[in-house]
Amino acid sequence: MIEIRDLYKYYGDRRAVGPLSATIEKGEIVGLLGLNGAGKTTTLRILACDLLPTSGTVRVGGLDVVDVPHEVRRRIGYLPDTPPVYLEMTVDEYLTFAAKLRGVTGADVEKRVDEALELTEVGSERDRPIGALSHGYRQRVGIAQAIVHKPEFVVLDEPISGLDPVQIVEMRDLVRSLGGEHTVVVSSHILSEIHETCDRIFVIRDGQIVASGTEKELSEALLSGMRVTLSLRVGQAGAARASQLIASVEGVTQVELAAETEGPGVASYRVALSRDTRDELTRAVVGAGFGLLELTRGERELESVFLELSKSSDEPARKKKKRKKPAAEPSAEEAS
Amino acid sequence: MSQALLIARRELAAYRRSPLGAIVIAGALLIDGIYFYWKGLTDKLVSAQVLSEFFYGASGTTMIAGIVLAMRLLAEERQTGTLTLLNTSPIKDSEIVLGKFVSAFGVLALMTLLTLYMPLLIFVNGKVSVGHIVVGYSGLLLLGAASLAIGLFASAVAKSQVVAALIGTLILAPLVLLWAVAKAVDPPLNRVLTSLAIHHENFRPFMNGILELDGVVYYAAVTYFFLLAATKTLEARRWR
């Protein structure tokens, strides 16, 4: 279990993180989501005992990162945003070095290196110098180095960034496979990269957690129902009338005329619903004589919420979060 | 301790694979050879003087080699991000510094020992004592260790290798030049400055085959001081 209580980190006068409190259960895969500069890397570096916190307590497996950093380091594997690999070493040499550095001894070293190679699927490249490997493979070697000593906790800083689509899928599977045996913390600035991988997501902004939960919980708590896009044939002057009509439908909280349109006489609306009232909506517009051309559910809805949450301290996003939050059950721990 | 050796071994392998170690050794041997030929073999000197002259020349290349060999030790790791690997492993900062130092000293010692053919030439063709050769080499190694420690400290402070070399030079050069400053000031201050100078009075006895405890203690102290400073620098970096 990882416990973070009132963590602050200042760089000079600038607050990078804090106040930040969170609890991560054993075997969980947790995503840390935030824009660049939100404090993700700083938080992870403190977890990995690379950096000391300014104040607050961080306990990894019950051990304090300030009091007994060596004990924590033995139990944690860390992949920084650039893999800490020596380009002139071969994969095998490097992993052997990393394992010994973390206190693996004797015959265990070879076994652990083999296991790490197998899990990260870089066995075929084990005798090549790391400098000759592609970015994707280097990233894998970086992960292999983080798990070679079988740590209870694995901390990965943006393991997916810069990978091609095939590699992203493979990397997701790899991270997924680490769960259970390891407690994993992954950071990313792109939601779609991690929402399928993680059991829970912390959205972080200005060094603070502004929302947390599973993807489903986050969207339920934060999205207030669903968003749909509606394309109607409204004729020359019907756009405003249709807009009024949509707004009058039960459950509609917001109607917005989209700028883009299929052609003359066609209007698109972005509609926010407090609950699923798509049936009523279609019946109403068709009944009023508008041609229903398209009704789609907003695909990137969580992404947009994330963006809203991540934007620099604009009040609406915060208010929204506070109002909706009681509905989200797992947020109890950060309220404490 | 075993962790320090682990780092030293990895570092030695890195020296072997990068051209830096070979270039430094080749360059030092070339300069030593030219100096030996120019100073030692052209003038009319007795064997012992030739040998002293050789150690004098080699001391210069040893100091430069010390700075150059040490500049990459920590600065390069910081540049490539691999320092994080060491920082997040259960290993003390002092072990990192010690491991780095030991490896660079290994290369420097190899470089120094490869010059042995020159004293041997004098030994075979002239008349010098084995003691003179042994004491001279001890001096070179001690001076080299001190220069490496200074370079290693510079490497711990600097963000890049070039800056590390620059800082190392900026520390070492004044230490060398202290004896000139000492000449210009009155006693008793001149005595203090002279004994603090890294080369002049501390190295001269070694060069002439006289083993003085002062020099040994001086070089050991300088080495220890800068290695400690490098360790403390690494520790302090965790706060920011």
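Student: In which sense do β6(A) and strand β7 (residues 153-157) of chain A pair?
Tutor: In general, strands of a sheet pair through backbone hydrogen bonds, either parallel or antiparallel. Here β6(A) and β7(A) pair in the parallel sense, over four bridges; a pair needs at least two bridges found by DSSP. Strands are DSSP runs of E, at least two residues, and helices are runs of H or I, at least four, numbered from the N terminus. Across this pair, A:Leu79 stands opposite A:Leu156 in β7(A).
Tutor: A word on the source: this is a predicted model, where local features need pLDDT of at least 70, side-chain atom pairs count only at pLDDT 80 or more, and totals for chains, interfaces and linings use all residues. Residues are numbered from 1 along each chain as its sequence is written, while chains are lettered from A and ligands numbered from 1 in the order in which they are written.

Student: What is the strand order of the open sheet?
Tutor: Its six strands in chain A run β6-β7-β8-β3-β9-β10, with mixed pairing. β6 (76-79) and β10 (208-213) of chain A are at the edges with a single partner strand each, so one side of each has no neighbour in the sheet.

Student: Which helix packs on the sheet?
Tutor: α5(A) does, touching β6 and β7 of chain A; contact means C-beta atoms, placed from the backbone, within 7 Å.

Student: How do α4(A) and α5(A) cross, left-handed or right-handed?
Tutor: The crossing is right-handed, meaning the near helix is turned clockwise from the far one by less than a right angle.

Notes: Two residues are in contact if their C-beta atoms, placed from the backbone, lie within 7 Å. Axes are lines fitted to C-alpha atoms, for helices over the stretch in contact, and angles run from 0 to 180 degrees between N-to-C directions.
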